[in-house]
Amino acid sequence: MKTYHLTTPIEDKDIEDIRIGDIVYLDGIMVTCRDVAHRRLVEEKRPLPVDVANKAILHAGPIVKDLGNDKYEMIAVGPTTSMRMEKFEEEFVKQTNVKLVIGKGGMGEGTQRACKNSKALHLVFPAGNAVFAATKVEEIIDAQWKDLGMPETLWVCKVHDFGPLIVSIDTKGDNLFEKNKIEFNKRKEEEIIKINKEVRFIK
Amino acid sequence: MLYEYTEPILSEQGSKMRDIMADYISVVSHRLPDDVAKKLKELAKIEVDPLQQLVYDTMRENQLLAEKMKRPSCQDTGALQFFVRCGSHFPLLGELNSIFKDAVYRATKEAPLRHNAVQTFDEYNTGLNIGNGIPSVFLDVPDDSDKIEIYVYMAGGGCTLPGAAMVLMPGEGYEGVVRFVMDQMTSYGINACPPLLVGVGVATSVETAAMNSKLALMRTVDSVSPNANAAKMEHLLEDGINNIGLGPQGFGGKKSVMGVNVVNTARHPSTIGVGISTGCWSHRRGKIDFDAELNYELPLNEGVEL
């Protein structure tokens, strides 16, 4: 478990040696981007109104306070379930050249391919810690696709020391959660055999 | 499209209850109930690896910040759900739906809460955190008292809202219930923000089992079913799921759950309904009990006054 500090713009060489289970802290630009924004780019073929190349996206729908005059304050922000974006992520990474995809829980084979082929990482911010995360957002510098409502707007954030981010898929395509799942499922079958001896309540 | 909402004209007592509820919803958004906070402290001591400790440290610091800054501790403040037991002589029974909806409307601005109501088929966010059927109010009128007990639950989109339920054949037995719960743990449960509070409902159909599983999440994490066999199953499932070793956030660890609660009701001879709802570690469940004069108690939040 090594710790890295990354600053956008992020180049391939900055992340090539980072492996699953390592910890990353981020400085620079991170854009919230979730369900409908992915769909709009990939299925509706609408160009993303924010350039995320060599930057980070966060699968998240924050609570943002509108201060007026296009000024906003980040109140609470944390990751949402990344797996919901799996359907779109491979194509998303390919089209945008985003380098860090931050979210919650694991992602699947498409994202693994994307991380390997386009040199990117999927990372997990410990979910539910939304005030902690909000204090790492220095400023919201832009907001696009506001028609999607507060959770789905692309909030462009300037962050400092944003983390801990635990690497779940690395540039070799290794996948922490998929590895864990194999072990979890093996243990589950053993536990079911034990429990089922004790629950024959219908006789 | 625009969702039209006009604040209701409530009675004097109705307005008072609405204001208390709005204040309490804000408290629930930034403070975990006592039973959950205590359990998380215990679990944090058990996990010793640096990664697990880092996660638990982040959780601890987040809750301190949320309390200090009076902000929602997790950004997903859920689709609000109210599980209510109301005596038939509680004076505001007829105003309850309006009171709850307006309390959510006001708390959304004051807390602030996230806008989590998307009107289906028309597919637009109302921007108010209320919509058709949100908040959800589940009302039981068990007797003719003049009191009311209300559970307030911030049901999040990544944990408890994607529950599951199905109807088993009796031949599958309680072994089938175990399989259904355990399979959900290694698929959905990993992403539902462990350590989890697992609610299991056993009943006769999908909706009764699902409702029981939700009521199970309203029980405290260390509570035990009054039925001996159900209590046995709670214990077996808790050990079994812990031994899977999901750990905090599914990174692996010694513990997976804060607890397993089973709520059961009778079944038709041809069916076993089973439902599961997963509460995340940030299990923002509140309880407020009122008497007829609106004196209230907060049994899950010692030391809190509104």
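In this predicted model, the centres of domain 1 of chain B and domain 2 of chain B, taken over C-alpha atoms, are separated by 23 Å. Domain 1 of chain B is made of two stretches, 1-156 and 282-306, while domain 2 of chain B covers 159-279. Where the two domains meet, 19 residues of domain 1 of chain B are in contact with 21 residues of domain 2 of chain B. On the side of domain 1 of chain B that touches domain 2 of chain B, at least two residues each are supplied by the helices α2 (34-46) and α3 (50-69) and by the strands β1 (79-86) and β5 (148-155) of chain B. The largest share of that side comes from α2(B), which provides 5 residues. Sorted by class, this side of domain 1 of chain B holds 10 nonpolar, 4 polar and 5 charged residues.

We turn next to a sheet in chain B. Four strands form an open sheet in the order β6-β9-β7-β8 (chain B), and their pairing is mixed. Because β6 (164-168) and β8 (257-264) of chain B stand at the edges and each have a single partner strand, one side of each is left without a neighbour in the sheet. From one strand to the next, the twist averages 15°. In general, the strands of a sheet pair through backbone hydrogen bonds, in either a parallel or an antiparallel manner. Strand β7 (residues 196-203) of chain B and strand β9 (residues 272-279) of chain B pair in the antiparallel sense, over 7 bridges, and Gly201(B) stands opposite Gly275(B) in β9(B).

Two helices accompany these strands. Helix α6 (residues 206-218) of chain B lies across β6, β7, β8 and β9 of chain B, and runs at about 145° to β7(B). Helix α7 (residues 228-244) of chain B also packs on the sheet, where it touches β7 and β8 of chain B, and its direction makes about 150° with that of β8(B).

The contact between the chains remains to be described. It takes 46 residues from chain A and 51 residues from chain B. On the side of chain A that touches chain B, the elements giving two or more residues are the strands β4 (63-68), β5 (71-76) and β9 (154-169), together with the helices α5 (130-134) and α6 (176-196), of chain A. Of these, α6(A) gives the most, with 12 residues. By class, the side of chain A that touches chain B has 25 nonpolar, 12 polar and 9 charged residues.

Methods
Residues numbered from 1 in each chain as written. Chains lettered and ligands numbered in written order. Predicted model: local features only at pLDDT ≥ 70, side-chain atom pairs only at ≥ 80, totals over all residues. Pairing = 2+ DSSP bridges. Axes fitted to C-alpha atoms, helices over the stretch in contact; angles between N-to-C directions. Contact = placed C-beta atoms within 7 Å. Domains from an automatic or database assignment. Nonpolar A, V, L, I, M, F, W, Y, C, P; charged D, E, K, R; others polar.
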